[in-house]
Amino acid sequence: MNWLWAIIVGLVLGLIAKAIIPGKQQIPLWLTIILGLGGALLGNWAAGGLGVGETKGIDWIRHLLQLAGAVVLVGLGDRLWVGMRGSGRHKTS
């Protein structure tokens with residue numbers, strides 16, 4: 001069941017990150033989920049380092065750090081994906 005929640009969190013964070021980043025991202029949904037999950041892990045690590053990993057109530061700072069991590073990873077992942085896959089346009093002569 002924990003994996004299901006991880007996938008849901010990755011999906012939500014990845015989609016929010018894609019909505020925040022200007023322009024259209026070309027990464028597929030499966031990569032969005034993985035990068036969103038990576039952003040959550042990165043945000044949790046940063047929150048622990050800042051001493052705000054465990055607080056009473058809703059951990060707003062941790063959630064914002066998770067979202068920031070997802071934005072960074074989705075942005076980088078999109079650039080890498082486009083660079084590896086090409087722009088999708090072929091020159092014709």
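**Contacts, an aromatic pair and a surface patch**

Setting aside its neighbours within four places in sequence, Asp-78 is in contact with Lys-24, Gln-25, Gln-26 and Ile-27. The model examined here is predicted. Asp-78 lies in helix H3. The residue is buried, yet Asp-78 has no salt bridge. The nearest side chain of opposite charge belongs to Arg-79, and it is 4.9 Å away. A salt bridge requires a side-chain nitrogen of Lys or Arg within 4 Å of a carboxyl oxygen of Asp or Glu.

A pair of aromatic rings is described by the distance of the centres and the angle of the planes. One aromatic pair was counted in the model. The ring centres of Trp-30 and Trp-81 are 6.1 Å apart, and their planes stand at 80°, so the pair is edge-to-face. Planes over 60 degrees apart count as edge-to-face. Trp-81 has a relative accessible area of 18%, so it is buried, as the cut-off for buried is under 20%.

A nonpolar patch lies on the surface. Its members are Leu-4, Trp-5, Ile-8, Val-12, Ile-16 and Ile-20. Together they have about 550 Å² of accessible area. One of them, Ile-8, is found in helix H1 (residues 2-20). The relative accessible area of Ile-8 is 34%, so this residue is partly exposed.

Note on methods: Residues numbered from 1 in each chain as written. Predicted model: local features only at pLDDT ≥ 70, side-chain atom pairs only at ≥ 80, totals over all residues. Heavy atoms only, no water. Phe/Tyr/Trp six-rings, centres within 6.5 Å; stacked < 30°, edge-to-face > 60°. Buried < 20%, exposed > 50% of the residue type's maximum accessible area, 1.4 Å probe, protein only. Helix = DSSP H or I, 4+ residues; strand = E, 2+ residues; numbered from the N terminus. Lys, Arg positive; Asp, Glu negative; His and termini not counted. Contact = heavy atoms within 4.5 Å. Patch = residues over 30% accessible without salt bridge, like charges linked within 9 Å, V, L, I, M, F, W, Y side chains within 5 Å. Areas by Shrake-Rupley, 256 points an atom, 1.4 Å probe, with all protein chains shown as cover.
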